[in-house]
Amino acid sequence: MIWAKVAVHALALTPAAILAWQIRAEVLTGSGGLGADPIAEIEHRLGLWALRLLMIALAVTPLRQLSGQAVLLRFRRMLGLYAFFYASLHLTAYLALDLKGYWTQIFEEIAKRPYITVGFLAWLLLIPLAVTSTQGMMRRLGRRWGQLHRLVYPIAVLAVLHFWWLVKSDIREPLLYAAILTLLLGWRLWRKVAEARTRRRAAAR
């Protein structure tokens, strides 16, 4: 199990390490492989990995139910925290590189640009989930912990919407993530309906 967690940590940090290396090369040589608009590429890649890790975290429960491997649940919070990590880097890159430190402009941007509004809201909603991700907070909150962490569903919807509205023309990539999210949420809805039917049948006997 320790080696599995080490592997997950290594895989989750690899995109950040590659990007850091490319940024270093861009600063030193001007050719880090970040394209004609390095700032946009940095922001895009960080945001994309936040979304990917969020989707993977949401996929853990269906995979556990299909495989019967309860051990998979041990990685769900870790993946969620890495999604928050990349989302925070995505926001930091936007503030530092796009707004160039004029952070007060963020409120004007939030009011003016709907894709920033939903993206910022998704990040804000991730904060309480990250703060309460420890075993101690799980024990302290009890049943409320599960209720709080259901926020991940609207967060995922907002994240996909943020990506969709950000893309100006080719929507194939955000459409793919929208389809994946629909499948993941649809699975949960189907399971809930099926379990409710089973309970009703058992009560009727």
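This is a predicted model: local features need pLDDT of at least 70, side-chain atom pairs count only at pLDDT 80 or more; totals for chains, interfaces and linings use all residues.

Trainee: How do you know that the length of helix α2 agrees with its number of residues?

Mentor: Helix α2 covers residues 38–67, which is 30 residues. At 1.5 Å a residue, α2 should span 44 Å. Its end C-alpha atoms are 41 Å apart, so the two agree.

Trainee: Where does α2 bend, and by how much?

Mentor: At Val 60, by about 30°. A proline, Pro 62, follows within four residues. Just after α2, Gly 68 takes a positive phi of about 75°.

Trainee: What makes a set of residues a nonpolar core?

Mentor: The members are buried nonpolar residues joined through side-chain atoms within 4.5 Å. The largest such core here has 42 residues. Among those that touch the most other members are Leu 51, Leu 54, Met 55 and Tyr 177. Elements giving two or more residues to this core include α1, α3 and α9. Helix α2 gives the most, with twelve residues.

Trainee: Which residues does Leu 51 contact, leaving aside its neighbours within four places in sequence?

Mentor: Ala 159, Val 160, Phe 163 and Tyr 177. There is also a second, separate core of eight residues, which includes Leu 91, Tyr 94, Ile 106 and Ile 116.

Trainee: Why is the pair of Tyr 82 and Phe 85 called edge-to-face?

Mentor: Two values decide. The ring centres are 6.2 Å apart, and the pairing limit is 6.5 Å. So Tyr 82 and Phe 85 count as a pair. The angle between the planes is 85°, and edge-to-face needs over 60. Therefore the pair is edge-to-face.

Trainee: How far apart are Tyr 82 and Phe 85 along helix α3?

Mentor: They are three residues apart, so about one helical turn separates them. Tyr 82, Phe 85 and Tyr 86 form one aromatic cluster. A search of the whole structure finds six aromatic pairs.

Trainee: Why is Tyr 82 called buried, and what is Phe 85 called?

Mentor: Tyr 82 has a relative accessible area of 11%. Buried means under 20%, so the label holds. Phe 85 has 33%. That lies between 20% and 50%, so Phe 85 is partly exposed.

Trainee: What percentage of the protein chain's residues are buried?

Mentor: Of its 205 residues, 34%.

Definitions and conventions:
Residues are numbered from 1 along each chain as its sequence is written. Side-chain values use heavy atoms; hydrogens and water are left out. The expected span of a helix is 1.5 Å times one less than its number of residues. The bend at a residue is the angle between axes fitted to the seven residues ending there and the seven starting there. Buried means under 20% relative accessible area, exposed over 50%, partly exposed in between (1.4 Å probe, protein chains only). Contact means heavy atoms within 4.5 Å. Rings of Phe, Tyr and Trp (its six-membered ring) pair if their centres lie within 6.5 Å; planes under 30 degrees apart count as stacked, over 60 as edge-to-face and the rest as tilted.
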